[in-house]
Amino acid sequence: MDTKLLTSNLVLFSSILLTLFTFSYGQNCSTHQFTNNNLFSTCNPLPVLNSFLHWTYYPDNHTVDLAYRHGGVTESSWVAWALNPDGTRMAGCQSLIAFRNSSGQIHAYTSPIAGYNTDLSEGALSFSVPRISAEFLGSEMIIFATLELPINRTSFTQVWQNGQVSGQALQVHQTSGDNLRSIGTVDFASGQTSAGAGGGISASARQRRRNIHGVLNAVSWGVLMPMGAIFARYLKVFKSANPAWFYLHAGCQTVAYAVGVAGWGTGLKLGSDSVGIRFDTHRNIGITLFCLGTLQVFALLLRPKPDHKFRLYWNIYHHVTGYTVIILSIINVFEGFDALNGQKNWKKAYIGVIIFLGAIAVLLEAITWFIVIKRKKTSVSDKYPNENGANGYASRPHDQTA
């Protein structure tokens, strides 16, 4: 087994993975392929509710072709995207609505919202909408429309929402968390969006922070930690890898911990900036991982020498804590994907990574067990060269030593 080749392949694989994670989000927006082959010149991720707005603005006739994508919804959900030409809140919004009706068809229509007590009834908007349609794919509802914008304006307040459908009735959306934050501005001419009723923070800024948090933690806790364990468990069996396996293991885990702490910090910042939005399981596992990871770092500094009487107990602690961290890390990466509802490509990529690492571990497990058993047989043969063992192992010649 060429340990250098194995190590270089794993390092190369992790680098490729980091690159894929880094660019996959942008690809989910700007290079998204629609089933009707529509192309749009601009795409911006909206900061909450797993939504994206694609559009092309035509200054000659002051119209906009757009597609609004809303992920993480079910067939019993309604979604809405709206412009408010005269205000900065829900009242006065000119809305595009889509849901699956009782006949099983996706129904898209326009609805003006005069006030907060609305049933989203169908009606004409204050500006013309020559075309509107919608489709539901997987867990994503997509509204397509053409808008004739009000004269001499390209910048508006935008609002987006989702709720549940009961029969033919569209139920009130949730009144907490992201559903109260789904408001911002859009300028169709400049291609810019911002979060909040009066603009301010870039609409993509919060989502970008979420993606950075996800990339840092998926690569550190979810990939580098298991890779470090693979180095320690399997490479040390190969004599040629000693003591390189230890430095690879310690280095990989140290980098994973450092990057993981950075990801943990971004998670704390996201939590403090998102009052009312709670992912308790994800947060609690994250805090547990940080504590266990920190204990592992301090335990490394207190590692007894190999012949010390407490080394056995340290080894037990180190292995139990390490494997607990790996299991919790993988679980929490998937919890994070659930929190980022709609990032299917990320989830699929990570599943592929786990399968790859698992296959490597299974292969190395078989190889190392074979080597260890062969060494034990040879050891018996060396100890009793003139006796036949119960299984005939003692008769093996010395030149068969692994």
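Here is a short tour of charged pairs and a sheet.

Keep in mind that this is a predicted model, where local features need pLDDT of at least 70, side-chain atom pairs count only at pLDDT 80 or more, and totals for chains, interfaces and linings use all residues. Residues are numbered from 1 along each chain as its sequence is written, and side-chain values use heavy atoms, with hydrogens and water left out.

**Salt bridges**

- The structure has four salt bridges; the term means a side-chain nitrogen of Lys or Arg within 4 Å of a carboxyl oxygen of Asp or Glu.
- One of them joins the side chains of Arg100 and Glu75, at 3.7 Å from N to O.
- Arg100 sits in strand S5 (residues 94–100) and Glu75 in the loop between strand S3 (63–71) and strand S4 (77–84), so this pair ties together parts that are 25 residues apart in sequence.
- Helices (H or I, at least four residues) and strands (E, at least two) are DSSP runs, numbered from the N terminus.
- Another salt bridge brings together the side chains of Arg233 and Glu365, at 2.9 Å from N to O.
- That pair links distant parts of the chain, with Arg233 in helix H2 (residues 203–234) and Glu365 in helix H6 (residues 344–383), 132 residues apart.
- Asp280 and Arg283 also meet through their side chains in a salt bridge, at 3.5 Å from N to O.
- Both Asp280 and Arg283 belong to helix H4 (residues 280–301), and they are three residues apart, which is about one turn of the helix.

**How exposed are these residues?**

- Five strands form an open sheet in the order S1-S2-S3-S8-S7, with antiparallel pairing.
- Strands S1 (42–45) and S7 (131–137) are the edges, each pairing on one side only.
- Two strands count as paired if DSSP finds at least two bridges between them.
- Strand S2 (residues 51–58) pairs with S3 in the antiparallel sense over eight bridges.
- Tyr57 stands opposite Val64 in S3.
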